[in-house]
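Welcome! Here is a short briefing to read alongside the model.

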Amino acid sequence: MQVLHYSVGEYLPHFDYFDPALPGSQPVLAQGGQRIMTFIVYLNTVEAGGETLFPALDLKVQPKQGRVVMFDNVSNGKIDPLSLHASAPVLVGEKWAMTRWIRERRWGS
């Protein structure tokens with residue numbers, strides 16, 4: 001689990017999966033497998049901005065305390081390009097969230 005803190009600013013679009021085609025992914029994939037699912041729990045309500053964006057789905061999720069977002073990084077055994085996500089800039093205040101990745105298997109197994 002990771003706790004994330006965003007002050008005014010943004011987090012650029014990214015995937016939570018490891019692309020198996022990239023050479024740096026193999027050691028991580030060997031340790032615990034792919035990150036198949038992501039959970040985001042918002043720990044506070046952001047005053048303005050800070051939405052989680054899913055550009056390929058044209059979806060924005062408002063960060064409200066207690067809200068949970070769950071999405072697949074892998075679909076039918078293949079990395080899912082629809083899982084591309086980012087944080088819109090926090091305009092006022094700050095954003096606190098907790099993330100958890102579910103992997104194919106336990107780390108180191």
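Contact here means heavy atoms within 4.5 Å. This is a predicted model, in which local features need pLDDT of at least 70 and side-chain atom pairs count only at pLDDT 80 or more, while totals for chains, interfaces and linings use all residues. Residues are numbered from 1 along each chain as its sequence is written, and side-chain values use heavy atoms, with hydrogens and water left out.

**A charged residue in a loop**
- E51 sits in the loop between strand 4 (48–49) and strand 5 (52–54); strands (E, at least two residues) and helices (H or I, at least four) are DSSP runs, numbered from the N terminus.
- E51 is buried yet has no salt bridge; buried means under 20% relative accessible area (1.4 Å probe, protein chains only), and a salt bridge is a side-chain nitrogen of Lys or Arg within 4 Å of a carboxyl oxygen of Asp or Glu.
- The nearest side chain of opposite charge to E51 is K60, 5.2 Å away; Lys and Arg count as positive and Asp and Glu as negative, while His and the chain ends are not counted.
- Leaving aside neighbours within four places in sequence, the contacts of E51 include K60, V61, A86 and K95.

**Helix 1**
- In helix 1 (residues 25–32), the buried residues are S25, L29 and G32.
- Seen down the axis of helix 1, these buried residues fall within an arc of 90 degrees, so they line one face of the helix; the arc is that of the directions from the helix axis to the C-beta atoms.
- Strand 11 (95–103) is included in what covers the buried residues of helix 1.
- After helix 1 comes G33, with a positive phi near 80 degrees.

Technical notes: Buried means under 20% relative accessible area, exposed over 50%, partly exposed in between (1.4 Å probe, protein chains only).
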